[in-house]
Amino acid sequence: MRQTMNFTRVKNFLSNYTQTILLIIGLILINFGVLALLNVGAFLICAGLSMIAVAFLINYEKKEVRQ
């Protein structure tokens, strides 16, 4: 019974946050791609821009939930 509950929780989490998980994985892959092709400075810039983009998305989602 406990295994079924855990499976259901994982299934619900993945179904609710699939887009978010894919976004984060995509940003991580882009960051590592920049690191592999360029240098550490470009990687840090790309990582910073990715974090800013995620912050804007979170802020936008919170505004939608309030309305």
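Me: Before we start, what counts as a helix here?
Reply: A helix is a DSSP run of H or I with at least four residues, and helices are numbered from the N terminus. Keep in mind that this is a predicted model.

Me: Got it! Which helix is F32 in?
Reply: F32 lies in helix α2.

Me: Which one gives the most?
Reply: That would be α2, with five residues.

Me: Switching topic: where is S50?
Reply: You'll find S50 in helix α3, which covers residues 40-66.

Me: Is S50 buried or exposed?
Reply: S50 has a relative accessible area of 11%, so S50 is buried, as the cut-off for buried is under 20%.

Me: What does S50 touch, leaving out residues up to four places away in sequence?
Reply: With those left out, S50 touches L27 and N31.

Me: Now M51. Is M51 buried or exposed?
Reply: M51 lies in helix α3 too, but M51 is exposed because its relative accessible area is 61%, and exposed means over 50%.

Me: Nice. How far apart are the C-alpha atoms of M51 and I24?
Reply: They are separated by 9.8 Å, with the two residues 27 residues apart along the chain. I24 is also one of the residues in the nonpolar patch we talked about.

Note on methods. Residues numbered from 1 in each chain as written. Predicted model: local features only at pLDDT ≥ 70, side-chain atom pairs only at ≥ 80, totals over all residues. Heavy atoms only, no water. Helix = DSSP H or I, 4+ residues; strand = E, 2+ residues; numbered from the N terminus. Buried < 20%, exposed > 50% of the residue type's maximum accessible area, 1.4 Å probe, protein only. Contact = heavy atoms within 4.5 Å. Patch = residues over 30% accessible without salt bridge, like charges linked within 9 Å, V, L, I, M, F, W, Y side chains within 5 Å. Areas by Shrake-Rupley, 256 points an atom, 1.4 Å probe, with all protein chains shown as cover. Salt bridge = Lys/Arg side-chain N within 4 Å of Asp/Glu carboxyl O.
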